[in-house]
Amino acid sequence: MATDLLGGVLGAIAFFLPGAVLAKASEFASAGSAVISIMAALVTFACGMVYQSQAPATVRMRAHFGRELRGIWSWVVTVVLLCALAALIAIPVAAASETYAWVIALGAVGVSTLATLRAIGFIRTVLIAEAIDPKNRPPS
């Protein structure tokens, strides 16, 4: 889970951006916050899929790894929420330092992207579990 934080390294790109791009820090932070909010919706959808699936494989996964799953979902939801807030915080920071606003916004987008990719992995797992469930197979 902590590997999601490596997405924050994306913020280092800000130190190499040309001045014309740096001037758009506030706009990027605003757009970044909107994109992260969409990621939050996807994460919520994925979490719901995992906990609502009745496929035997998913039920066993929840039974055997329930504690770990709760930890993962708590982490992902919290991280994506904090990233959305960080992107919003980057908007007023842009008035003081466009470079640091880019660092914050890019870092938030990077971290939330990795956390969201984890949720997409869970969506794939549930879809595969549903596909292999015998009751979902067409009659032969």
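Cysteine 83 is buried, at a relative accessible area of 7%; here buried means under 20% relative accessible area, exposed over 50%, and partly exposed in between, with a 1.4 Å probe and protein chains only. Keep in mind that this is a predicted model, where local features need pLDDT of at least 70, side-chain atom pairs count only at pLDDT 80 or more, and totals for chains, interfaces and linings use all residues. Residues are numbered from 1 along each chain as its sequence is written, and side-chain values use heavy atoms, with hydrogens and water left out.

So what about a partner for that cysteine? The structure holds 0 disulfides, a disulfide being a pair of cysteine sulfur atoms within 2.5 Å. For the sulfur of cysteine 47, the closest cysteine sulfur is the one in cysteine 83, and at 17 Å that is too far for a bond. Look from the other end and cysteine 83 is in no disulfide either, its nearest cysteine sulfur being that of cysteine 47.

Now for the helices. Helix 2 covers residues 25–52 and helix 3 covers residues 56–96; they pack at about 165 degrees with their axes 9 Å apart. Axes here are lines fitted to C-alpha atoms, for helices over the stretch in contact, and angles run from 0 to 180 degrees between N-to-C directions. By class, their contact has 23 nonpolar, 6 polar and 2 charged residues. In that count, Ala, Val, Leu, Ile, Met, Phe, Trp, Tyr, Cys and Pro are nonpolar, Asp, Glu, Lys and Arg are charged, and the others, Gly among them, are polar.

Phenylalanine 28 sits in helix 2 and is partly exposed, with a relative accessible area of 25%.

Zooming out, the protein chain has 4 helices and 0 strands, counted as DSSP runs numbered from the N terminus (H or I, at least four residues, for helices; E, at least two, for strands). With a radius of gyration of 19 Å, well over the 14 Å that the globule rule gives for 140 residues, the chain is more spread out than a compact globule. That radius is taken over C-alpha atoms, and the rule is 2.2 Å times the number of residues to the power 0.38. Along the principal axes, the C-alpha atoms fill a box of roughly 65 × 30 × 20 Å.
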